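Colleague: I have a chain open on my screen and would like to talk through how it is put together. Could you walk me through it slowly?

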Amino acid sequence: EVAIINGIYSTSSSGALNACSLIINTGAKLTINELNPVTIQNDLTVNVNGTLDILDKGSLVMVNDGGIVKNNGTTTVHRFTTPFKKFDYVYWSTPVSATAITTTVFPGWTVASSFKYVPTKSWALATTMVPANGYIIMVPSDVTLSEAVFTGKVNNGIQKVMGVVPASSYLLGNPYPSA
């Protein structure tokens with residue numbers, strides 16, 4: 001069966017959700033919390049003015065790698081860091097399609113100190129995150145815990161790392177909207 005969200009639905013009050021496919025309609029909102037995941041066997045559709053909000057440590061699991069994601073609404077994935085010290089770096093990977101490394105996604109962070117690991121060159125400046133690759137970003141200097149908010153179409157299916165050099169090291173990351 002297809003699960004259709006027509007109102008406000010939260011897994012924190014309603015429990016885990018399992019569906020063959022999931023549609024979030026116009027004006028509707030689904031919030032996924034850390035204790036109750038959403039598991040979809042096939043397709044996900046977020047319609048215009050529909051909202052999918054995945055809170056920190058929340059998980060959206062799409063079982064079928066061929067499941068289609070249609071995102072015409074708003075999808076956000078929230079992630080909090082563990083405590084850190086000034087000038088530390090935090091490792092990140094994007095759970096949504098390509099993400100610009102900006103202060104919109106990383107408010108207060110030193111985004112000019114964002115790097116990706118390039119096997120043949122070591123570290124290189126990064127301005128965009130692509131799925132499955134890992135990145136390091138310098139933490140904000142005035143707080144000890146911070147949030148990143150990723151917005152866009154969630155990743156599904158096998159995510160490939162391009163340009164693999166044999167016998168080299170890589171920094172990889174979880175490319176999915178799941179803890």
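Modeller: We can start with the chain as a whole and then go on to its sheets and its pockets.

Colleague: What kind of model is this?

Modeller: This is a predicted model, so please keep that in mind while we go through it.

Colleague: Fine. How many helices and strands are there in the protein chain?

Modeller: The protein chain has one helix and 18 strands. Its radius of gyration is 17 Å, which is close to the 16 Å that the globule rule gives for 179 residues, so the chain is as compact as a globular protein of that length.

Colleague: And what does the C-alpha trace span along its principal axes?

Modeller: The C-alpha trace spans about 50 × 40 × 25 Å along those axes. As for the interior, buried residues make up 44% of the 179 residues.

Colleague: Let's look at the sheets. What is the strand order in the open sheet of five strands?

Modeller: That sheet has the order S2-S5-S8-S11-S18, and its pairing is mixed. Strand S2 (8-10) and strand S18 (147-151) are the edge strands, each of which pairs on one side only. From one strand to the next, the twist averages 15 degrees.

Colleague: How do S2 and S5 run?

Modeller: S2 and S5 run parallel and are joined by three bridges, and if you want a place to look, Ser10 stands opposite Thr31 in S5. Going on along the sheet, strand S5 (residues 29-32) is joined to strand S8 (residues 51-54) by four bridges, and these two also run parallel. There you can find Leu30 opposite Leu52 in S8.

Colleague: What about S8 and S11, in which sense do they pair?

Modeller: S8 pairs with strand S11 (residues 74-80) in the parallel sense, over four bridges. On that side, Asp53 has Thr76 in S11 as its bridge partner.

Colleague: Now the other sheet. Which strands are in the open sheet of four strands?

Modeller: The order there is S12-S17-S14-S15, and the pairing is antiparallel. Strand S12 (89-92) and strand S15 (122-125) stand at the edges with a single partner strand each, so one side of each is left without a neighbour in the sheet. The twist in this sheet averages 30 degrees from one strand to the next.

Colleague: Which residue in S17 does Val90 stand opposite?

Modeller: Val90 stands opposite Ile137 in S17. The two strands involved, S12 and strand S17 (residues 135-138), pair in the antiparallel sense over four bridges. At the other end of the order, strand S14 (residues 110-118) and S15 are also antiparallel and have four bridges, and Lys116 has Ala124 in S15 as its bridge partner.

Colleague: Back to S12 for a moment. Which of its residues are on the covered face, and which on the uncovered one?

Modeller: Val90 and Trp92 form the covered face of S12, while Tyr89 and Tyr91 form the uncovered one.

Colleague: Changing topic, how much space lies in the largest pocket?

Modeller: About 300 Å³ of space lies in the largest pocket. Its lining has 16 residues, and those nearest its centre are Arg79, Tyr91, Trp92, Ser93 and Asn174. The elements that give two or more residues to this lining are S11 and S12, and S12 gives the most, with three residues. By class, the lining has eight nonpolar, five polar and three charged residues.

Colleague: Where does Asn174 sit in the chain?

Modeller: Asn174 is in the segment after S18, and at 37% relative accessibility it counts as partly exposed. The C-alpha atoms of Asn174 and Ala132 are separated by 5.9 Å, although these residues are 42 residues apart along the chain.

Colleague: And the second largest pocket, what is its volume?

Modeller: The second largest pocket has a volume of about 230 Å³. It is lined by 14 residues, and Lys116, Tyr117, Val118, Asn133 and Met162 lie nearest its centre. S14 provides the largest share of that lining, three residues. Divided by class, the lining has nine nonpolar residues, four polar and one charged.

Methods: Residues are numbered from 1 along each chain as its sequence is written. This is a predicted model: local features need pLDDT of at least 70, side-chain atom pairs count only at pLDDT 80 or more; totals for chains, interfaces and linings use all residues. Side-chain values use heavy atoms; hydrogens and water are left out. Two strands pair if DSSP finds at least two bridges between them. Axes are lines fitted to C-alpha atoms, for helices over the stretch in contact, and angles run from 0 to 180 degrees between N-to-C directions. On a 1 Å grid over the protein atoms alone, a cavity is a set of points where a 1.4 Å probe fits but cannot get out, and a pocket is an open set with protein on both sides within 12 Å along at least five of seven lines; lining residues have an atom within 4 Å of a point. Grid points are joined across faces, edges and corners, and a volume is the space filled by probe spheres set on the points. Ala, Val, Leu, Ile, Met, Phe, Trp, Tyr, Cys and Pro count as nonpolar, Asp, Glu, Lys and Arg as charged, and the others, Gly among them, as polar. The radius of gyration is taken over C-alpha atoms; the globule rule is 2.2 Å times the number of residues to the power 0.38. Buried means under 20% relative accessible area, exposed over 50%, partly exposed in between (1.4 Å probe, protein chains only).
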